[in-house]
Amino acid sequence: MSGPDASGIIPGMDGPQLRVGLGHDTHRLAPNRPLILGGVPIEFERGLLGHSDADILLHAVTDAVLGAASLGDIGDAFPDTDPAYAGIDSAVLLRRALERVHAAGWRIVNLDCTVFAQRPKLAPYKAAIRQRLAELVGLPVEAVNVKAKTGELVGPVGREEAMSADAVVLMEKAGG
Ligand code: MG
């Protein structure tokens with residue numbers, strides 16, 4: 001069996017054409033910034049610093065989506081040196097990434113992700129974040145999972161200097 005061709009199809013491989021994509025993001029916490037995770041505003045005295053709205057979860061999901069389709073990363077697709085992306089809603093970036101992925105013939109099967117934050121407690125927000133993510137990626141809520149962990153009081157997350165997010169998606173070739 002030879003490797004995948006330019007379309008991502010592996011010649012001679014039976015069954016659905018599947019791809020996995022991984023995403024990770026970290027942003028620093030700063031005063032006078034809104035905190036938005038997975039497109040959901042979170043009540044907290046600080047927020048994440050960044051060129052866009054600094055939504056680490058949507059950035060991780062966007063990288064996972066681009067990664068599964070071998071389309072590079074969020075920095076290639078939406079350079080943070082481009083003033084067009086200053087303060088942009090990260091949901092717009094995710095939608096644009098999905099358009100590219102769909103154009104390449106891929107669709108998401110499921111999405112799993114983890115947010116790392118020492119504070120605030122994210123348990124009250126997990127259902128809303130899951131619902132919003134499902135809407136954004138066009139999946140039933142049952143195919144989306146959101147987990148939250150603290151930093152165990154150590155490292156940049158535990159010291160409340162930063163928050164991080166991981167995401168993984170499975171994709172299949174549409175119609176195959
Ligand atoms: Mg980011």
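Across which strands does α4 lie, and at about what angle does α4 run to β6? In this predicted model, helix α4 lies across β5 and β6 and runs at about 140° to β6, where helices (H or I, at least four residues) and strands (E, at least two) are DSSP runs numbered from the N terminus. Angles run from 0 to 180 degrees between N-to-C directions, and axes are lines fitted to C-alpha atoms, for helices over the stretch in contact.

Residues are numbered from 1 along each chain as its sequence is written, and side-chain values use heavy atoms, with hydrogens and water left out. Because the model is predicted, local features need pLDDT of at least 70 and side-chain atom pairs count only at pLDDT 80 or more, whereas totals for chains, interfaces and linings use all residues.

**Sheet**

- Five strands form an open sheet in the order β4-β1-β7-β5-β6, with mixed pairing, two strands being paired if DSSP finds at least two bridges between them.
- The edge strands, each pairing on one side only, are β4 (46–48) and β6 (144–149), and the twist averages 25° from one strand to the next.
- Strand β1 (residues 18–31) pairs with strand β7 (residues 162–173) in the antiparallel sense over eleven bridges, and Leu22 stands opposite Val168 in β7.
- Helix α1 (residues 56–68) lies across β1, β4, β5 (106–116) and β7, and runs at about 155° to β1.

**Helix pairs**

- The axes of α1 and α3 come within 9 Å and cross at roughly 10°, which makes α1 roughly parallel to α3 (under 35 degrees counts as roughly parallel, over 145 as roughly antiparallel, 65 to 115 as roughly perpendicular and the rest as oblique).
- In the contact of α1 with α3 (heavy atoms within 4.5 Å), the residues by class are ten nonpolar, three polar and no charged, where Ala, Val, Leu, Ile, Met, Phe, Trp, Tyr, Cys and Pro count as nonpolar, Asp, Glu, Lys and Arg as charged, and the others, Gly among them, as polar.
- Helix α3 (residues 90–103) and helix α4 (residues 126–137) have axes that come within 10 Å and cross at roughly 40°, and the two helices are therefore oblique to each other.
- Ala91, Leu94, Arg95 and Leu98 in α3 meet Arg132, Leu136 and Val137 in α4, a contact whose residues divide into five nonpolar, no polar and two charged.

**Aromatic pair**

- The structure holds one aromatic pair: the rings of Phe78 and Tyr85 have centres 5.5 Å apart and planes at 75°, so the pair is edge-to-face.
- Rings of Phe, Tyr and Trp (its six-membered ring) pair if their centres lie within 6.5 Å, and planes under 30 degrees apart count as stacked, over 60 as edge-to-face and the rest as tilted.
- Phe78 and Tyr85 are both buried (under 20% relative accessible area, with exposed over 50% and partly exposed in between, for a 1.4 Å probe and protein chains only).
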